[in-house]
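Please keep the sequence and the structure open while reading.

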Amino acid sequence: MTNRPKDELLALLEQAKGLVEAEPAAQQVIVVKTAKGNVYHVSNRDVESGADEDGLLRQLRDGENTQIQAVVCIWQEGGALDVPSIRFRQQLLELDPRNGDALLPLQGENVLVARTLRETMPGK
């Protein structure tokens with residue numbers, strides 16, 4: 001990964017951490033950066049009933065801003081990085097097949113690693 005995408009991914013991660021701190025009732029925050037450079041987020045207050053991920057997808061569709069560059073999913077508890085729900089990832093792929101190349105930062109063994117959305121899908 002070249003420095004520019006890495007720097008952009010780290011900046012998005014910092015933004016997600018800021019949202020987690022600013023929204024203590026949120027159990028999880030998902031931040032999406034589009035290829036046009038716009039940033040959207042959703043805060044999951046009750047993960048069991050699901051987030052308003054559909055609302056986020058609607059915003060992307062309505063804004064004709066469907067190509068995703070990066071997705072960050074972070075939990076309030078310990079600030080752990082994770083992948084968003086399989087449903088949300090599948091919907092991102094249905095929204096725009098190019099979203100398979102979107103990067104997700106994940107915690108590797110003592111290092112931050114980036115995986116594509118496609119790599120996080122079962123059977124891929």
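1. Basis of the note. This is a predicted model, in which local features need pLDDT of at least 70 and side-chain atom pairs count only at pLDDT 80 or more, while totals for chains, interfaces and linings use all residues. Residues are numbered from 1 along each chain as its sequence is written, and side-chain values use heavy atoms, with hydrogens and water left out.

2. Overall fold. The protein has three helices and six strands, where helices (H or I, at least four residues) and strands (E, at least two) are DSSP runs numbered from the N terminus. Read from the N terminus, the order of these elements is α-β-β-α-β-β-α-β-β. The radius of gyration is 13 Å, close to the 14 Å that the globule rule gives for 124 residues, so the protein is as compact as a globular protein of that length; the radius is taken over C-alpha atoms, and the rule is 2.2 Å times the number of residues to the power 0.38. The C-alpha trace spans about 35 × 35 × 30 Å along its principal axes.

3. Strand E5 (residues 103–107) and strand E6 (residues 112–116) run antiparallel and are joined by five bridges; two strands are said to pair if DSSP finds at least two bridges between them. Asn110 is exposed, with a relative accessible area of 76%, where exposed means over 50%, buried under 20% and partly exposed in between (1.4 Å probe, protein chains only).

4. The hairpin of E1 and E2. These strands pair in the antiparallel sense over six bridges, and Gln28 stands opposite Asn44 in E2. Four residues separate the strands in this hairpin, where Gly37 takes a positive phi near 90°.

5. The buried residues of H2 (residues 53–62) are Glu53, Gly55, Leu56, Leu57 and Leu60. They pack against strand E1 (28–34), strand E2 (39–44), strand E3 (68–75) and helix H3 (86–95), a contact meaning heavy atoms within 4.5 Å. Glu64 is found in the loop between H2 and E3, and its phi is near 50°, a positive value in a residue other than glycine. Glu64 is exposed, with a relative accessible area of 64%. As background to such values, most residues other than glycine have a negative phi.

6. Burial, contacts and surface. Buried residues make up 41% of the 124 residues. Among contacts between residues at least 6 apart in sequence, 53% join residues at least 24 apart. The accessible surface comes to about 7,000 Å², of which 46% belongs to carbon and sulfur atoms, as computed by the Shrake-Rupley method with a 1.4 Å probe.

7. Charges. The mean positions of the 14 positive and 19 negative charges are 6 Å apart. Lys and Arg count as positive and Asp and Glu as negative, whereas His and the chain ends are not counted; each charge is placed at NZ of Lys, CZ of Arg, CG of Asp or CD of Glu.
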